[in-house]
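Dear colleague,

Please find the structure below, handed over for your records. My findings follow it.

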Amino acid sequence: MLSKITQAYENRDLAALDALAVPTFRHINKKNSFKSVLMLSCHNIKHLSKIESLEAECIMLNLEDGVSKEDKPFALALAAVFLSQLKKSDKKLVVRVNALDKGGYDEIAYLNQFMPDAVRVPKIKNKEEVKNVLALLHDDIDLHLSIETAQAWHNLSSLKINKRVGVFYLGILDLFADMGLSQSLINLQNPTVKYMLAHFLVTARAMKVKPVSFVFQEFEDLKTFEQWLLLEKEMGYDAKACISPGQVKLVHKIFVDTEEELKRAKIIVKLFEMHRDEGITGFVDEEYGFIDEPIYKGALKLLATQKA
């Protein structure tokens, strides 16, 4: 099968590729517990053929940036071909379509028959566009949004209009460009960047949306990438977009709940439930300090996330 796909692509035979993309039922992966999101360009068959062996928990099948205008129809067909081959996957398979005014609507309509786990829409601006996409998108497919326009940032808290809108990605380079901010500001010490990371995280979490931090383009500079991860973990992030397997490995190294944190959470749950049985829902423990219901719920959430 792979040889047929490769031959059709190399011969620039779009009709042959379309014939290999057979609409099929897929078991939709609804989990949003992923920590790593690895971007794969959909015109790269070598990379697409390795999806199941990749360490990343979420695979972003990219039709937008990095795919030439001439290659976009082939990339779309290849995304469909590989989706039809992967009827069930432990990895979250998300297709990043082009901007809505650049063919995105047509791509979504086409992809409905191949059932990706989610579709990611770039350059989103407002809730009206979100409504339009949801009206077109198959009811079983989730919708992810790229926050990379000034309008999207301004409208951030209004974009989750449906439970299927479950993940936001911070497209910081495009966002800075659209806001007229220099990309030289994107460094570990800059207060504007830290504010934007915090605002994006808290706003998304308040809407029960998963926030995914931005792509770090210098994929060979793993030292700086690790520093970003440490900062983002301290802020409360648990997911990062990646463009290389090396970045994925670091995400899995940093974005984990340590044994000490898990041990503390287990003890808090046990202590709270023991006191609750006696009618006490707020108390001070000598070692773990004040414990009440919000602290208890936080511990339960941490344990549930780790289990997932």
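Is Leu303 buried, partly exposed or exposed? Leu303 is partly exposed, at a relative accessible area of 21%; buried here means under 20%, exposed over 50%, and partly exposed in between, with a 1.4 Å probe and protein chains only.

Please note that this is a predicted model, in which local features need pLDDT of at least 70 and side-chain atom pairs count only at pLDDT 80 or more, while totals for chains, interfaces and linings use all residues. Residues are numbered from 1 along each chain as its sequence is written, and side-chain values use heavy atoms, with hydrogens and water left out.

Leu303 belongs to helix H13 (residues 293-307); helices (H or I, at least four residues) and strands (E, at least two) are DSSP runs, numbered from the N terminus. Setting aside residues up to four places away in sequence, Leu303 touches Leu262, Ala265, Lys266 and Val269, where contact means heavy atoms within 4.5 Å. Between the C-alpha atoms of Leu303 and Ala265, which are 38 residues apart along the chain, the separation is 7.0 Å.

The sheet

The model contains an open sheet of 8 strands with parallel pairing, in the order S7-S6-S5-S4-S3-S2-S1-S8; two strands pair if DSSP finds at least two bridges between them. Strand S7 (210-212) and strand S8 (240-242) are the edge strands, each pairing on one side only. From one strand to the next, the twist averages 25°, with axes taken as lines fitted to C-alpha atoms, for helices over the stretch in contact, and angles running from 0 to 180 degrees between N-to-C directions.

Strand S3 is largely enclosed by the rest of the structure, because 5 of its 5 residues are buried. Lys92, Val94 and Arg96 point one way from S3, Leu93 and Val95 point the other way, and all are buried. In a regular strand the side chains alternate between the two faces of the sheet.

S3 runs parallel to S2, to which 5 bridges join it, and Val94 in S3 is the bridge partner of Met60. S3 and S4 also run parallel, joined by 3 bridges. On that side, Val94 has Ala118 in S4 as its bridge partner, and Arg96 stands opposite Arg120 in S4. From S3 the chain crosses through H5 to S4 in a right-handed β-α-β crossover; right-handed means that, with the strands pointing away from the viewer, the path from the first strand over the helix to the second runs clockwise. S2, H4 and S3 likewise make a right-handed β-α-β unit.

Helix H4

The 14 residues of helix H4 (residues 72-85) should span 20 Å at 1.5 Å a residue, and its end C-alpha atoms are 20 Å apart, which agrees; the expected span is 1.5 Å times one less than the number of residues. As 11 of its 14 residues are buried, H4 is largely enclosed by the rest of the structure. The buried residues include Phe74, Leu78, Phe82 and Ser84. Among the elements covering them are helix H1 (2-10), strand S2 (58-62), strand S3 (92-96) and helix H5 (104-111).

Asn126

Asn126 lies in the loop between strand S4 (118-121) and helix H6 (127-136). Its relative accessibility is 18%, so Asn126 counts as buried. Asn126 touches Gln151, Asn155 and Leu159, not counting residues up to four places away in sequence.
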